[in-house]
Amino acid sequence: MVIDVQRGFVNRHSEHVVPQVVRLVELWAAAGQPVVLARFHNVPGSPYERISGWTRLRTAEEQALVTELEPFVESAAMVVEKAVSSALTEDLVHVVEERGWTDLVLCGIDTDSCVYDTAIAAYHGGLRPWIVTDACASTGGPEVHEAALLLARRNIGSTQLLTVDQVEDRLAGQAPTAKGTCS
């Protein structure tokens, strides 16, 4: 599951992760695994605006997925449109249940909000979340990214964090892969 790799979230702290996300999606798709893309929309009157005063990601340009991911939209199992941080929306839960997915492999921007919140929602929903650490970044910088990973290790388990190389090894059959997994 690619979470919020959108033009409005790409900055000097997060731009380095785009090639890693694309690499992960290419590996995943080549293995015949389903890809889900999530896109955040900051709607007027949202808590982000009312409470935090944050009004970005309102324009179509900011909300657009990065150009490098556009080729995957048509073949995606689903494109999640969301106005909250977690990508585990009611519609996605329906798809997860319908397809029998038990695991979600997560990557994207921001590690500390949308990726982390999706992992926690998946965990509490009885799914096994996997966070691909080098395919995630925070617009707040590396220290914010690392803080989120620290919380993820504590709250979903350190074994649930892996790298793109580890995913590649598992897809190549060098390590067991959980049945019913979605990225």
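This is a predicted model: local features need pLDDT of at least 70, side-chain atom pairs count only at pLDDT 80 or more; totals for chains, interfaces and linings use all residues.
View 1. Now turn to Asp4, in the loop between strand 1 (2-3) and helix 1 (18-30). Asp4 is buried, with 0% relative accessible area. As background for both, most residues other than glycine have a negative phi, and most peptide bonds are trans.

**View 2. A cis peptide bond joins Ile109 to Asp110.** The omega angle of this bond is near 0 degrees. Asp110 belongs to the loop between strand 4 and helix 5 (111-124).

**View 3. Strand 3 (residues 78-82) has a covered and an uncovered face.** Met78, Val80 and Lys82 make up the covered face, while Val79 and Glu81 lie on the uncovered one. Strand 3 pairs with strand 2 (residues 36-40) in the parallel sense, over five bridges. For Leu37, the bridge partner in strand 3 is Val79.

**View 4. Helix 4 (residues 90-99) has a buried side and an exposed side.** Leu92, Val95 and Val96 are buried in this helix. These three cover an arc of only 100 degrees around the axis, which puts them on the same side of helix 4. On the other side, Glu90, Asp91, Glu97 and Glu98 are exposed. The buried residues of the helix pack against strand 2, strand 3 and strand 4 (103-109). Just after helix 4 comes Gly100, with a positive phi of about 75 degrees.

**View 5. Ser85 makes a polar contact with Asp117.** Look for Ser85 in the loop between strand 3 and helix 4. Its relative accessibility is 15%, so Ser85 counts as buried. The side chains of Ser85 and Asp117 are joined by a polar contact of 2.5 Å. Leaving out residues up to four places away in sequence, Ser85 touches Tyr48, Ser113, Cys114, Asp117 and Thr118.

**View 6. Phe9, Phe40, Tyr48 and Trp54 form one aromatic cluster.** Five aromatic pairs turn up in a search of the whole structure. In one of them, the rings of Phe9 and Trp54 have centres 6.2 Å apart and planes at 10 degrees, so the pair is stacked. Phe9 lies in the loop between strand 1 and helix 1 and Trp54 in the loop between helix 2 and helix 3, so this pair ties together parts that are 45 residues apart in sequence. Phe9 is buried at 7% relative accessible area, whereas Trp54, at 26%, counts as partly exposed. Trp54 also forms an aromatic pair with Tyr48, and this one is edge-to-face, at 6.0 Å centre to centre with 70 degrees between the planes. Tyr48 is partly exposed, at 24% relative accessibility.

**View 7. Ile131 is part of the largest nonpolar core.** Of the 56 residues in this core, Val21, Leu69, Leu92 and Ile131 touch the most other members. Beyond its neighbours within four places in sequence, Ile131 has contacts that include Leu106, Val115, Ala119, Cys136 and Leu149.

Methods
Residues are numbered from 1 along each chain as its sequence is written. Side-chain values use heavy atoms; hydrogens and water are left out. Buried means under 20% relative accessible area, exposed over 50%, partly exposed in between (1.4 Å probe, protein chains only). Helices (H or I, at least four residues) and strands (E, at least two) are DSSP runs, numbered from the N terminus. Two strands pair if DSSP finds at least two bridges between them. The arc is that of the directions from the helix axis to the C-beta atoms. Contact means heavy atoms within 4.5 Å. A nonpolar core is a set of buried Ala, Val, Leu, Ile, Met, Phe, Trp, Tyr and Cys residues joined through side-chain atoms within 4.5 Å. A polar contact is a pair of N or O atoms within 3.5 Å; within protein, one must be able to donate a hydrogen and the other to accept it, and residues adjacent in sequence count only if both atoms are side-chain atoms. Rings of Phe, Tyr and Trp (its six-membered ring) pair if their centres lie within 6.5 Å; planes under 30 degrees apart count as stacked, over 60 as edge-to-face and the rest as tilted.
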